[in-house]
Amino acid sequence: PTSAACAGSSAEAVLMEVLRHCAGVCDQWKQALDYIEGMLRAQLIAAIGKEVSPADFAQYMHFHNTKLFVDAFAPSPFCYAVRRSDKHSPEGTV
C-alpha cells in the first residue's frame, strides 16, 4: 500500500492508543472515587441514622453556636445587598 492509501501514520496510531489508555485510566479513577464516596456516605448515614439535609445542618450549627458563644459575643449574620454602581464596576458596592 502506498502512503496515500494509509489512514494515518504509526505515530498517530501510537498516540491514539495512548489517549485511549488515558481515557480508560480516567474512567477507572472516576469509578474508584464514586465507590469511595458512596461507601463513606453509607457509613455516615448509618452512623447518624438518617440522611442529613442542609436545613438539618443549619439547625445543628445554630444549636452548636448558641452553646459555644455567650449572647454578647455571638457572631452576627453577614448579609448585605450588593448593588452595581452607576459605572457598573464588576466589584459592586455595599
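Predicted model: local features only at pLDDT ≥ 70, side-chain atom pairs only at ≥ 80, totals over all residues.
The side chain of arginine 41 makes a polar contact of 2.5 Å with the side chain of glutamate 51. Ten residues separate arginine 41 and glutamate 51 along the chain, and their C-alpha atoms lie 9.0 Å apart.

## Salt bridges within helix α1

The count of salt bridges comes to four. One of them joins the side chains of glutamate 17 and arginine 20, with an N to O distance of 3.0 Å. Glutamate 17 and arginine 20 are three residues apart in helix α1, so about one helical turn separates them. Glutamate 17 is partly exposed, its relative accessible area being 45%.

Lysine 30 and aspartate 34 form a salt bridge in which the closest N and O atoms are 2.7 Å apart. Both residues lie in helix α1 at a spacing of four residues, about one turn of the helix. Aspartate 34 has a relative accessible area of 40% and is classed as partly exposed.

## The aspartate 56 and lysine 50 pair

A salt bridge also links the side chains of aspartate 56 and lysine 50, with 3.4 Å from N to O. Aspartate 56 counts as partly exposed because its relative accessibility is 25%, and the limit for a buried residue is under 20%. Lysine 50 is likewise partly exposed, with a relative accessible area of 44%.

Technical notes: Residues numbered from 1 in each chain as written. Heavy atoms only, no water. Polar contact = N/O pair within 3.5 Å; in protein donor to acceptor, adjacent residues only side chain to side chain. Helix = DSSP H or I, 4+ residues; strand = E, 2+ residues; numbered from the N terminus. Buried < 20%, exposed > 50% of the residue type's maximum accessible area, 1.4 Å probe, protein only.
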